[in-house]
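Trainee: I have a new model open and would like to learn how to read it step by step. Could you take me through it, feature by feature?

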Amino acid sequence: MTRKKFLSVREICYIAIFTALIAVLSPLAIPMPYGMPLTLQSFVVPFAAVVLGAKRGAIAVLAYVLLGAIGLPIFSNFRGGLGMLIGPTGGFIFAFPLYAFLAGWGADRGRWYWLAGGLLAGVVVLFGLGTVQFSFVTERSLAESFTIAALPFLPMEGVKLALVWVLGQQVRKALARAGTLG
């Protein structure tokens with residue numbers, strides 16, 4: 001009896017490529033008031049998930065989070081280490097693997113409404129956990145924290161999600177047609 005592998009070599013390679021892509025794009029940030037930068041993390045995380053699917057996308061993002069946690073300067077503004085995870089923006093970082101899983105789960109279903117639901121659920125988790133940790137660390141109310149840490153970023157998040165929707169599905173289809181993504 002043969003056992004199915006958890007991940008094939010090809011899948012591991014795709015996970016590594018997308019982990020690297022996340023690590024390269026995530027440090028790029030535009031400083032904003034109150035220390036909350038505008039980053040590409042919330043674009044590249046769901047993009048990886050839409051292309052790779054729930055399991056592979058979440059693993060790629062989890063690998064990125066672990067690499068940043070051990071000190072590689074791959075979080076926003078080229079920072080890394082455990083301090084980032086316990087700081088005001090750490091809730092966003094903790095939310096990324098779950099966001100990826102939800103977005104990938106929606107993409108795996110193959111219907112537009114599942115993808116929309118997965119992406120929207122991921123955004124709710126991202127901004128929900130991010131706001132809660134920001135509130136806890138900065139000792140601000142949840143309402144004030146939401147106003148600082150989430151509200152200003154929601155319009156741009158809509159633009160990012162539209163790009164993820166279009167580009168992610170196109171890349172996923174292209175890889176599937178090439179027979180390289182199972």
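## Reading helices, burial and salt bridges

Mentor: Let us begin with one residue and keep in mind throughout that this is a predicted model.

Trainee: Is Glu 11 buried or exposed?

Mentor: The general idea is that a residue counts as buried when its relative accessible area is under 20%. Glu 11 has a relative accessible area of 18%, so Glu 11 is buried. Setting aside residues up to four places away in sequence, Glu 11 touches Phe 6 and Arg 56.

Trainee: Which residue forms a salt bridge with Glu 11?

Mentor: A salt bridge is called when a side-chain nitrogen of Lys or Arg comes within 4 Å of a carboxyl oxygen of Asp or Glu. Glu 11 forms one with Arg 56, and their closest N and O atoms are 3.0 Å apart. Because Glu 11 lies in helix α1 and Arg 56 in helix α3, the pair ties together parts that are 45 residues apart in sequence. Both Glu 11 and Arg 56 are buried.

Trainee: How many salt bridges are there by this rule?

Mentor: The count comes to three. One of them joins the side chains of Asp 108 and Arg 172, at 2.8 Å from N to O. This pair links distant parts of the chain, with Asp 108 in helix α5 and Arg 172 in helix α8, 64 residues apart. Asp 108 counts as partly exposed at 34% relative accessibility, and Arg 172 is also partly exposed, with a relative accessible area of 21%. In another salt bridge the side chains of Glu 144 and Arg 140 meet at 2.9 Å, N to O; Glu 144 is partly exposed at 35% relative accessibility, and Arg 140 is partly exposed at 28%.

Trainee: Which residues is Val 51 in contact with, leaving aside its neighbours within four places in sequence?

Mentor: Val 51, which has its place in helix α2, is in contact with Phe 18, Gly 168, Val 171, Arg 172, Leu 175 and Leu 181. Val 51 is buried, with a relative accessible area of 0%. Although Val 51 and Leu 181 are 130 residues apart in sequence, their C-alpha atoms are 8.9 Å apart in space.

Trainee: Where does α5 have a kink?

Mentor: A kink of about 40 degrees lies at Phe 96, shortly before the proline Pro 97. Even so, the 19 residues of α5 reach 28 Å from the first C-alpha to the last, close to the expected 27 Å. After α5 comes Gly 110, with a positive phi near 80 degrees.

Trainee: Which residues make the nonpolar surface patch?

Mentor: Leu 98, Phe 101, Trp 105, Trp 112, Tyr 113 and Trp 114 make this patch of about 650 Å². The elements giving two or more residues to the patch are α5 (90-108) and α6 (112-138). Trp 114, in helix α6, is partly exposed with a relative accessible area of 37%.

Note on methods:
Residues are numbered from 1 along each chain as its sequence is written. This is a predicted model: local features need pLDDT of at least 70, side-chain atom pairs count only at pLDDT 80 or more; totals for chains, interfaces and linings use all residues. Side-chain values use heavy atoms; hydrogens and water are left out. Patches are made of residues with over 30% relative accessible area and no salt bridge: like charges are joined within 9 Å, nonpolar side chains (Val, Leu, Ile, Met, Phe, Trp, Tyr) within 5 Å. Accessible areas come from the Shrake-Rupley method with a 1.4 Å probe; for residues, only the protein chains shown count as cover. Helices (H or I, at least four residues) and strands (E, at least two) are DSSP runs, numbered from the N terminus. Buried means under 20% relative accessible area, exposed over 50%, partly exposed in between (1.4 Å probe, protein chains only). The expected span of a helix is 1.5 Å times one less than its number of residues. The bend at a residue is the angle between axes fitted to the seven residues ending there and the seven starting there. Contact means heavy atoms within 4.5 Å.
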